[in-house]
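Trainee: I would like to go through this structure with you, one question at a time. Shall we put it on the screen?

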Amino acid sequence: MLHDDIQKLLGISFPTGVDGLTWKLLKSNNSDFNKHEALRADTHVKLSQALDLMRACFMPIIIERGKRNIIIDIINSSPSKSKRLDFHGFFVMVLQKDDELTCVATVRIHGQKLAEMPLVATIFKYRGQGMCRVLLHELTKMLSNWQVQRLVLPSVSYQLEFWQSVFGFSKISTMEKLEILSFPFLVFQGTTICQKILSKTMFGMEIEEVSQEAGRFNPKDYLKDRLGPGTKRKFRNLNYKLRSEVEVIRKEKKIMLEDREKI
């Protein structure tokens, strides 16, 4: 049901409450686009622009063993036999001013329990103009309509206050963290997992049951049982680092020049 609702939105431009701003939900390699050449072409262009923006704003997130930048795989919704490296479920949400991309977020929905937004970026010239606020408002409104309970994201330390004070996120508790780690969402070294509650539906019952059965709940034991051996080792190589403003400006200019040379 949720999958069908998402498919109906793909590639369609929707208005926001701000004049001139629209949003789209995109997914690479969507089979339905084969029937609509214009829609497929537009999606390809927007995803390419979204990838350029993410590359400008984030340092490469490299998996040491494969030397792969997973930002590319996330934007392209790349599938994999490895559960940890399967990004097929990701969508890209873009905010546009007229036809110009201004802000991008990567989103993966894990049923009604939660959705994750590991990467979000705004083009430098549009920063400070509320673009991220508009995109996040439309995203949370969409997720709430589907009764998704919460939205989670990783935050570097110096942006934690920003997410909390401006967007109403909060640090996730130990008990809640143990629950959501059962889902294959992205965990980055050196970040704090934050959440925004979207639904008042009660969650966390599974942990309460485990606690009652055990008599005395031990988070470390629960984590070990839930995720299995080697979990810490699996995630240690995913480093999440934002570029500085100077680097972002330089990177955006370089990408623009590269695009002009291709024309």
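Predicted model: local features only at pLDDT ≥ 70, side-chain atom pairs only at ≥ 80, totals over all residues.

Trainee: In the hairpin of β1 and β2, which residue takes a positive phi near 85°?

Mentor: β1 covers residues 14-15 and pairs with β2 in the antiparallel sense over two bridges. One of the facing positions is Phe 14, whose bridge partner in β2 is Trp 23. Five residues lie between the strands of this hairpin, and the one with the positive phi is Gly 20.

Trainee: How many of the residues of β2 are buried?

Mentor: Buried means under 20% relative accessible area, exposed over 50%, and partly exposed in between, with a 1.4 Å probe and protein chains only. Leu 21, Trp 23 and Leu 25 point one way from β2, while Thr 22, Lys 24 and Leu 26 point the other way. Both sets are covered, and for residues 21-26 the count is six of six.

Trainee: Which residue of β5 stands opposite Leu 21?

Mentor: β2 also has a partner in β5, residues 90-97. The two strands run antiparallel and are joined by six bridges. Opposite Leu 21 you will find Lys 97.

Trainee: Why is β6 largely enclosed by the rest of the structure?

Mentor: β6 spans residues 100-110 and has a strand on either hand to follow. Eight bridges join β5 to β6, and seven bridges join β6 to β7, residues 114-122, both pairings being antiparallel. Thr 106 stands opposite Val 92 as well as Leu 119 in β7. β6 is largely enclosed because its buried residues number ten of eleven.

Trainee: Is Asp 98 buried or exposed?

Mentor: Asp 98 is in the turn of the hairpin of β5 and β6, which has two residues between the strands. It has a positive phi of about 60° although it is not a glycine. Ser 77, in the loop between α3 (70-75) and β5, also has a positive phi, of about 50°, and is buried at 2% relative accessible area. Asp 98, at 62% relative accessibility, counts as exposed.

Trainee: How many aromatic pairs does the count come to?

Mentor: Rings of Phe, Tyr and Trp (its six-membered ring) pair if their centres lie within 6.5 Å; planes under 30 degrees apart count as stacked, over 60 as edge-to-face and the rest as tilted. By this rule the count is six.

Trainee: Why is the pair of Phe 162 and Trp 163 edge-to-face, and at what angle are the planes?

Mentor: The ring centres are 5.5 Å apart, and the pair is edge-to-face because the planes of Phe 162 and Trp 163 stand at 70°.

Trainee: How far apart are the ring centres of Phe 162 and Phe 167?

Mentor: This pair is edge-to-face too, since its planes are at 80°. Phe 162 is partly exposed at 35%, whereas Phe 167 is buried at 9%. Phe 162, Trp 163, Phe 167 and Phe 169 form one aromatic cluster. The centres of Phe 162 and Phe 167 are apart by 5.2 Å.

Trainee: Which strand gives the largest share of the lining of the largest cavity?

Mentor: On a 1 Å grid over the protein atoms alone, a cavity is a set of points where a 1.4 Å probe fits but cannot get out, and lining residues have an atom within 4 Å of a point. The search finds one cavity of 30 Å³ or more, with about 40 Å³ of space. Its lining includes Glu 116, Phe 185 and Ile 193. The largest share, three residues, comes from β8.

Definitions and conventions
Residues numbered from 1 in each chain as written. Heavy atoms only, no water. Helix = DSSP H or I, 4+ residues; strand = E, 2+ residues; numbered from the N terminus. Pairing = 2+ DSSP bridges. 1 Å grid on protein atoms, 1.4 Å probe; cavity = no way out; pocket = protein on both sides within 12 Å on 5 of 7 lines; lining within 4 Å. Points joined across faces, edges and corners; volume = space filled by probe spheres on them.
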